[in-house]
Amino acid sequence: MTDTQLRSQPQNDPRGTRTSGPIISSGTRTAGLIMLSVLIIAGVLDHLASSDRLGDAGDLVLVFLTLVPLGVAVLMLLVSRTLAAGPVRGQWTTLSLGILSAGVGNLIFIVLYLVTGTDPYPSVADVFTLMGYAFLAAGVAKAILAYRGLLDIRHAVIIASGFSVVALAVVYFTVIGPYVIFAPTETQSFATRVFNTIYPVLDITILLTPAIALGLLVSKLGAGRIAWPWWLVVASAATLALTDVVFAYAGYYGYGRTPFVDLGYAAAPLLLGFAALVARDIYRS
Amino acid sequence: MSEEHLLTRGSSVWRDFYGFVYNNLRTQGVSHFDAEDLTQDVLETAYTHLDTVDPRRQHAWLATVSRNKVVDKARWAKPVCVVAELPDAADPGLGPDDILIRSVDRQRLLAAISLLAERDRLLVEIRYLQDRSVLETAEELGMSVGATKVALHRARERLREILETTDGAKSIRPTEARGVSMAGIAGRAVMALTPYIGRMAADTCVRGTAVSIGKTLDTLAVEDMDALAYRINAVLCPLLPSDTIERLIGDIRGGVL
């Protein structure tokens, strides 16, 4: 057995604790760095494209960023398949299907955009995006219910629901009300207003609220490793909610997608993809 | 049995119940004083609800209530923090970690120390429990004074982490901590589960097994491994893939068989 193989073997300390080297594998760390680098480079290129300094190549950046969820979905489905059959695999598969559905929505969006040359929002693509929400919410709900055997989940759900009410009120009074619902009619179509309202509300109610409840639950576990990927899921939901709110606000001023929004929509699924990789490492550790 | 009937039969019935519940609690490892308190609680509950219970199942019902009271007490009990020795505020040599070490209750401190790695445990025991100087500690362990100071600093940090993670309801009794460090089945299970689900949840899982079979963490034995494995499977199944759980259980088994 080589030194490398020896090092990769689970070791037992005198008290019997499993310590199998670094918990996050070098592959996951590399994948995380690649994701971050891609995000930064794409952000810079997207910024240049938004100021028309890349010409037609600017569309390629938009195509790339729009297809990120699809790539992440494939990654997550592959990771899910490596997990033993059971509830945990079900949780990650459901989340993967959520990202896949959103990715398909993005694919339709970008095809329509390239074919028609206009911003296809809202369009049939949003049907898939909304389906994605259902899957993501179901995945997070499954993860919450998984903690029933260990923790009292009611308090976390009640606190998260309280947060949901406050967050909805804040978003309504600061963005949705003045810049979407009661904005002058000529700035946005009715359908755009409806979807600009629906997305932030869905983000907060069925995605961020369960994610916060999950975060509260896993925070009770202290140093428990299985909490780590769920923190990334919470971060992903928060990123998506913030991006949708900014998108709704930017829409009032006539902006379609800005570099910030493009990056937000790419960062949220990337965080989920990274969460799946971290989860795989932890389950193997 | 109706309340009226119970009252008619006088105190003999309650004496019988008292003895049964008290003995039941004692067999669960509850101390004499706690058993007395809990028995009162159980009988209070019985006084209110016993008339709804099938007379043939009264003792079984009392046993269940007793077990639940023990679990409730373990869950809600706040640790008694008796300050064994007040920190010497006038001592300029005391850092925050020293003050922490000298201010926590001694039993809790001993429990936390027993969770440290071997070298850290020796360092802390010699330096603080035996109250010897850094120089003497260094000589005792064959280390340089500088290395001893650095190692002591790290040991205090780890001790602080343990004390902070076992704060509140997670206070460890020395006997339980001994189980952890001495590779008893409960200790091994807690140690194996902690990295995944945190100390508190791991403790709850193992303690739950012990309580469910009428034992304590101290009395959990090798023959209880199947019950423990069943409980770990039930609790962790939604949280971890089955192969990971099997590996964990294998680790625990490997350490005790």
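Two residues are in contact if their C-beta atoms, placed from the backbone, lie within 7 Å. In chain B, take the contacts between residues at least 6 apart in sequence: 58% of them join residues at least 24 apart. For chain A, the corresponding share is 72%.

This is a predicted model, in which local features need pLDDT of at least 70, side-chain atom pairs count only at pLDDT 80 or more, and totals for chains, interfaces and linings use all residues. Residues are numbered from 1 along each chain as its sequence is written, while chains are lettered from A and ligands numbered from 1 in the order in which they are written.

Now the elements. Helices (H or I, at least four residues) and strands (E, at least two) are DSSP runs, numbered from the N terminus. Chain A has 9 helices and 2 strands. Along the sequence, its pattern is α-β-β-α-α-α-α-α-α-α-α. Chain B has 13 helices and 0 strands.

Next, burial. A residue is buried if 20 or more other C-beta atoms lie within 10 Å of its own, exposed if 12 or fewer, and partly exposed in between; the C-beta atoms are placed from the backbone. Chain A has 285 residues, and 44% of them are buried. In chain B, 36% of the 257 residues count as buried.

Buried residues can join into a nonpolar core: a set of buried Ala, Val, Leu, Ile, Met, Phe, Trp, Tyr and Cys residues joined through C-beta atoms within 7 Å. The largest such core here has 108 residues. A:Met76, A:Leu207, A:Leu214 and A:Leu272 have the most contacts inside it. Helix α9 of chain A (residues 259-284) gives the most to this core, with 17 residues. A second, separate core has 14 residues, among them B:Leu109 and B:Val124.

Look at A:Met76. Leaving out residues up to four places away in sequence, A:Met76 touches A:Trp92, A:Leu95, A:Ser96, A:Ile99, A:Leu272, A:Gly273 and A:Ala276.

Back to α9(A). Of its 26 residues, 23 are buried. From first C-alpha to last, α9(A) reaches 37 Å, close to the expected 38 Å. That expected span is 1.5 Å times one less than the number of residues.

Which way does α2(A) run relative to α9(A)? Helix α2 of chain A covers residues 26-50, and its axis lies 10 Å from that of α9(A), at an angle of about 175 degrees. Axes are lines fitted to C-alpha atoms, for helices over the stretch in contact, and angles run from 0 to 180 degrees between N-to-C directions. Angles under 35 degrees count as roughly parallel, over 145 as roughly antiparallel, 65 to 115 as roughly perpendicular and the rest as oblique. The two helices, α2(A) and α9(A), are therefore roughly antiparallel. Their contact includes A:Met35 and A:Leu39 of α2(A), and A:Leu270 and A:Phe274 of α9(A).

One loop deserves a look. A:Pro122 sits between α4 (87-116) and α5 (125-146) of chain A. The peptide bond from A:Tyr121 to A:Pro122 is cis, with omega near -5 degrees.

Finish in chain B, with B:Tyr196. Helix α11 (residues 185-212) of chain B holds B:Tyr196. Is B:Tyr196 buried or exposed? B:Tyr196 counts as buried because it has 24 C-beta neighbours inside 10 Å. Not counting residues up to four places away in sequence, B:Tyr196 touches A:Gly224, A:Arg225, A:Ile226 and B:Leu240. B:Leu239 is 43 residues from B:Tyr196 in sequence, yet 9.5 Å away in space, C-alpha to C-alpha.
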